[in-house]
Amino acid sequence: ALGAGGLAAGVSILAGLLAQPIWLAAALLAAGGAVRTGAQWLAADLGMQAAIARKSAERARHWPALLAARDARSLTGTDLTRAVDSIEMLEGHEARFRPLRMAAVAAPLLVALIVAFASPVSAAILLFTLPPFAFGLALAGTAARATAERQLSALGDLNALFVDRLRALREIRHFGAEDRILRQMGQASRDLALRTIATLKIAFLSGGVIEFFAAIAVALVALYAGFSLLGILPFRVPETLSLLSAFFVLAMAPEFYIPFRRLAAA
């Protein structure tokens, strides 16, 4: 958010064609870009370290118990899926989802605070759009969780079915059951495909909710800034926007929802 503030300040100076020197705008743009890039790199590095540590801890906890409970040759596909695939899936959760979830809570508030220094009314407009957005995102997220759990369950069933049938391949060929097994695999694959499509539909719905409220927030800030500069606001406000302040809040407004976009992608 601080890097975005520097970028927005540089853009507002350049776009406003004000009396400030060009070197100041260039310095703000360079500093904002460096801070933003450094913060993203640091977050990615710390997230990956946390993911590696979490996966190592889960392997150390699960694998000895799994091998002690069963002979290695008698492990089922479900056991292998849980011991390998499920642990690998933790990487995305630890390296991307958890850091972005924290950023989605703190970064919009920090952006609103930075905007408030230039225009408290614009900051209030951004915060006003947050509750309905959070409600819509929660509804989409609840549906996404249910469909994702069904999709992961279907994926685990398909993996388990494949491993178990591969182990029994000699018996399957001996009894001539290849066609029946192929039908089972085909049905399991179609079930996984249908559940994956259902999950993607919810994911696109969640993205649509984010884009809708982001567009509304930016449009409201743009309308307020434009009417304020023209002096045709239909109501009185406790501030007077300058051209520099208007460009600054317009450049910062899209940053308010970027953490939610990244969280939805993760």
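Student: How much accessible area does the nonpolar surface patch of Phe 212, Ile 216, Leu 220, Leu 223, Phe 227, Leu 230 and Ile 232 have together?

Tutor: This is a predicted model, in which local features need pLDDT of at least 70, side-chain atom pairs count only at pLDDT 80 or more, and totals for chains, interfaces and linings use all residues. Residues are numbered from 1 along each chain as its sequence is written, and side-chain values use heavy atoms, leaving out hydrogens and water. Patch residues have over 30% relative accessible area and no salt bridge, with like charges joined within 9 Å and nonpolar side chains (Val, Leu, Ile, Met, Phe, Trp, Tyr) within 5 Å. By Shrake-Rupley with a 1.4 Å probe, counting only the protein chains shown as cover for residues, the seven named side chains together have about 650 Å².

Student: Which helix holds Ile 216, and what is its span?

Tutor: Helices (H or I, at least four residues) and strands (E, at least two) are DSSP runs numbered from the N terminus. Ile 216 lies in helix 8, which covers residues 178–230.

Student: Which residue is the salt-bridge partner of Arg 195?

Tutor: A salt bridge puts a side-chain nitrogen of Lys or Arg within 4 Å of a carboxyl oxygen of Asp or Glu, and the whole structure has 1. An α-helix has 3.6 residues a turn, so residues three or four places apart point the same way. Both partners lie in helix 8, 4 residues apart. At 3.3 Å, N to O, the partner of Arg 195 is Asp 191.

Student: Is Arg 195 buried, partly exposed or exposed?

Tutor: Buried means under 20% relative accessible area, exposed over 50%, and partly exposed in between, with a 1.4 Å probe and protein chains only. Because its value is 28%, Arg 195 is partly exposed.

Conventions
The expected span of a helix is 1.5 Å times one less than its number of residues.
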